[in-house]
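The sequence and the model come first.

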Amino acid sequence: FAAAGAPGENDEDWEDGEEGETKPWLRRKEQQLEMMDASAAMEQAAEEEVPAAQAKGWFRNKDIQIAVWLYTMIALFYVALEELFPLFGSASVDRGGLSLASKDVGIFMSIGGGFTLPYTIFCFPKLIERKGSIWLLKIGAVTSMLLSVATPFMGLLADKHPLDDASALANEHKSLDQSGLKDMSALLWVVMIVHTVALHVNATNCFASTIMLVNKSAPPGLFGTVNSYGQTLASLSRVVGPAAVGYLWTLCGR
C-alpha cells in the first residue's frame, strides 16, 4: 500500500473513525483505482476508434493493394513454373526436353524441397534480421526470373540422338515410364540440382517476405480481413496459372 499512501503501524489512519465514516487511506486507494480505470477505458476507446475508422477505407489503401497483388503475382509465377517444369522435363530430348520420367522430375523437386527445410530454420531468420524483407524479396524475385529464363537451356546439356518423327514420338511415350537418369551427364545432374535448390530457396524468400509485407500493411484489427483478401487472390492465381501453362504448352507443341 506504500504507493497508495497506506499508513504505518502507528499511523492515526488505522484508528476507527465515527460509524459509517471511510478511513482516509482507504478513500485515497479508491480514488486511485477509479482514476486508473478511467484511464484504461479512455485508452481502449482510442484503440477501438482507429480500426473502426480504417476499416471503412482499407480496400483503397495503396500499401495494402501493392502488398496483396505482389503476393498474388508471386503465387502465379511459382505455380506456373512448377506446372511447366515437369512438362519440360518429361518431353523428349529431340523436342527440346530432358527425356525424364515423372518420377525423375519428382526426385529433383524433392531435393529442392528437402534443402528448403534447413534453410528456413537456420538461414532465413538470420538473413531477414540482417537484410530485411524488402531486400530478400528483391533478390528472390530477380534470381527466380533468371532461373526461369535459363530453364530451357538445360536441354542443350542433354544427349541428343537424331531420330525421325515416328521414332521421336515413340521415344517420347517411352520416356514417360522409363527413367532417363542413367542417360544424364554429370554436368546436367549438377546443373539441375543447383537449379532446383536455388529455385526453392528463392521461393521461400519471396513468399515469406511478401507475407510479412502484407501483415505490415494491414491496419490493427484488420489482419484477418487483409490476409483473407490476399489468400483469395492467390488461390485464384493458382487456378489460372496451371490452366494457362497447360494451354500454352499444348498450343506451342502443335
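The model is a predicted one. A203 belongs to helix α6, which spans residues 186-217. Its C-alpha atom is 9.3 Å from that of L137, a residue 66 positions away along the chain.

A203 is among the α6 residues that touch α2. L137 is one of the α4 residues in contact with α6, and L137 also takes part in the contact between α2 and α4.

## Packing of α2 and α6

Helix α2 covers residues 62-90. The axes of α2 and α6 come within 9 Å and cross at roughly 160 degrees. Angles over 145 degrees count as roughly antiparallel, so α2 and α6 are roughly antiparallel to each other. Their crossing is left-handed. On the α2 side the contact includes D63, I64, A67, V68, L70, Y71, I74, A75, Y78, L81 and F85. On the α6 side the residues are M192, H195, L199, N202, A203, C206, F207, T210, I211, L213, V214 and S217.

How do α4 and α6 lie relative to each other: parallel, antiparallel or oblique? The axes of α4 and α6 come within 8 Å and cross at roughly 140 degrees; α4 and α6 are therefore oblique to each other. The crossing of this pair is left-handed. Residues of α4 in the contact include S133, I134, L136, L137 and I139, along with G140, A141, T143, S144 and L147. From α6 the contact is made by H195, A198, L199, N202, N205, C206, S209, T210, M212, L213 and K216.

Helix α4 (residues 133-150) also meets α2, with axes that come within 12 Å and cross at roughly 30 degrees. The two helices α2 and α4 are therefore roughly parallel, and their crossing too is left-handed. Here L70, I74, F77, Y78 and L81 of α2 meet L137, G140, S144, M145 and S148 of α4.

## Aromatic residues

The count of aromatic pairs is 8. One of them joins Y71 and F207 edge-to-face, at 6.1 Å centre to centre and 80 degrees between the planes. Because Y71 lies in α2 and F207 in α6, this pair ties together parts that are 136 residues apart in sequence. Y71 is buried, with a relative accessible area of 6%.

Another pair, F77 and Y78, is edge-to-face as well, at 5.1 Å centre to centre and 85 degrees between the planes. Y71, F77, Y78 and F207 form one aromatic cluster.

A ring with a charge over it is found at W135: K131 lies over the face of W135, at 5.3 Å from the ring centre.

## A positive phi in a loop

Most residues other than glycine have a negative phi. S99 is not a glycine, yet its phi is positive, at about 55 degrees. S99 is located in the loop between α2 and α3 (102-130). S99 counts as buried, with a relative accessible area of 14%.

Notes
Residues are numbered from 1 along each chain as its sequence is written. This is a predicted model: local features need pLDDT of at least 70, side-chain atom pairs count only at pLDDT 80 or more; totals for chains, interfaces and linings use all residues. Side-chain values use heavy atoms; hydrogens and water are left out. Rings of Phe, Tyr and Trp (its six-membered ring) pair if their centres lie within 6.5 Å; planes under 30 degrees apart count as stacked, over 60 as edge-to-face and the rest as tilted. Helices (H or I, at least four residues) and strands (E, at least two) are DSSP runs, numbered from the N terminus. Buried means under 20% relative accessible area, exposed over 50%, partly exposed in between (1.4 Å probe, protein chains only). A charge sits over a ring if NZ of Lys or CZ of Arg is within 6 Å of the ring centre and within 35 degrees of the ring normal. Axes are lines fitted to C-alpha atoms, for helices over the stretch in contact, and angles run from 0 to 180 degrees between N-to-C directions. Angles under 35 degrees count as roughly parallel, over 145 as roughly antiparallel, 65 to 115 as roughly perpendicular and the rest as oblique. A crossing is left-handed if the near helix is turned anticlockwise from the far one by less than a right angle, and right-handed if clockwise. Contact means heavy atoms within 4.5 Å.
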